[in-house]
Amino acid sequence: MIGKIDISIRQSDLGQGDLCLESLRRRDRDPVIEPYASQLARGNAVHAAIEVCGNHMLQHDGEPTPIDIMERTLDALIETECDMVEDWRETRAKTESAIRANFEEFYWGIAPDLNPAAVEYPFRVLLDEDERRRIWLSGTIDWIDKSGRIIDWKNPSKPYKKWEKVRWDPQSTVYTYAVAHADPDELGIPTLRQGSLTRDFELCMLVDGTAHWITIERGPSDWAALVDKCRGLADLSESDLKTWPQSWNSWYCSPTWCPNWNTCRGRHYADLLGEGVAPWEKK
Ligand code: SF4
């Protein structure tokens, strides 16, 4: 008997697909190497520093790495990350100071209330299975606390709007599903809250040294809707369509953000306006 087809969907695929399915197809099948941008360096440096500190907390019952060691670690991370930047969207000085301020907010303002059960927790959980196919969800959760909190660290230039995240965010649905269906012995926390079938996902947005929080509750209805959404994506990825539907109606479809602009939508304006210019920017 022929085995079942296994389809793996990463949580980031869902976010990218929501921005534009064609951009998701191109990212996986025909990727464009993008210049390393300063906002990526900012996020990666803070993430890496939190991971170092979090791993120390894991091994020392919630005790963070001593601050003098963390300061040296942060200096090294800043130098490495900033030296790699090819596309400065804000100055190096501003990027460095945002990294320091955001990590300090984590260290002094947030970490004292935490005791991690897992840091950078990789998961691969079964979402759906029929006689022909299995759909798996995968990703890496930034922080799962012994208290049951599921936290994702973001370093945006400004806080997100809560109503948008509650209405549209797929990451919260995927992560809560993964934790609710994980092996409780492996995680060391109850997989579902006592007396409740839902779980909370917390987005912690570190912006210039201030933490902004959005809590999103997800439960069985959200997870059932996720199954339908992923079935559609799995059908699409199994098809041999040469292109996938384009979405033009988000901030992403622009020469500033989509690395495919010049070979996709933007190629129809290049002769007229030049590469990397959008029609709505025409003087
Ligand atoms: S240019 Fe627009 S339509 Fe084309 S892949 Fe990018 S976001 Fe999608």
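I started with burial: 27% of the 283 residues of the protein count as buried. I call a residue buried if 20 or more other C-beta atoms, placed from the backbone, lie within 10 Å of its own, exposed if 12 or fewer, and partly exposed in between. The model is predicted, so I kept to its limits: local features need pLDDT of at least 70, side-chain atom pairs count only at pLDDT 80 or more, and totals for chains, interfaces and linings use all residues. Residues are numbered from 1 along each chain as its sequence is written.

**Overall form**

I looked up ten helices and six strands in the protein. Helices (H or I, at least four residues) and strands (E, at least two) are DSSP runs, numbered from the N terminus. The radius of gyration is 21 Å, close to the 19 Å of the globule rule for 283 residues, so the protein is as compact as a globular protein of that length. That radius is taken over C-alpha atoms, and the rule is 2.2 Å times the number of residues to the power 0.38. Along the principal axes, the C-alpha atoms fill a box of roughly 60 × 60 × 35 Å. I then checked contacts between residues at least 6 apart in sequence: 70% join residues at least 24 apart. A contact here means C-beta atoms, placed from the backbone, within 7 Å.

**Domains**

I noted domain 1 (1-30 + 115-241), domain 2 (35-114) and domain 3 (248-283). The bounds come from an automatic or database domain assignment. The centres of domain 1 and domain 2, over C-alpha atoms, are 24 Å apart. Their contact takes 15 residues from domain 1 and 21 residues from domain 2. On the domain 1 side, strands E2 (116-129), E3 (133-145), E5 (199-207) and E6 (210-218) each supply at least two residues. E2 gives the most, with three residues. I sorted that side into seven nonpolar, five polar and three charged residues. Ala, Val, Leu, Ile, Met, Phe, Trp, Tyr, Cys and Pro count as nonpolar, Asp, Glu, Lys and Arg as charged, and the others, Gly among them, as polar.

**Core**

Which residues have the most contacts inside the largest nonpolar core? They are Val46, Ala49, Ile141 and Ala178, in a core of 44 residues. Such a core is a set of buried Ala, Val, Leu, Ile, Met, Phe, Trp, Tyr and Cys residues joined through C-beta atoms within 7 Å. Helix H3 (residues 38-59) gives the largest share, seven residues. Domain 1 and domain 2 each supply at least three residues. I followed Ala49: beyond its neighbours within four places in sequence, Ala49 contacts Met70, Thr73, Leu74, Leu77 and Phe103.

**Ligand**

I counted 14 residues around the ligand, the closest being Cys20, Gln246, Cys253, Cys258 and Cys264. Near means a C-beta atom, placed from the backbone, within 6 Å. The shell divides into seven nonpolar, four polar and three charged residues. Domain 1 and domain 3 both give residues to this shell, so the ligand lies between them.

**Loops**

Asp61, in the loop between H3 and helix H4 (67-84), has a positive phi near 50°. Asp61 is exposed, with 8 C-beta neighbours inside 10 Å. Asp208, in the loop between E5 and E6, has a positive phi of about 45° without being a glycine. Asp208 is partly exposed, with 13 other C-beta atoms within 10 Å.

Methods:
Two residues are in contact if their C-beta atoms, placed from the backbone, lie within 7 Å.
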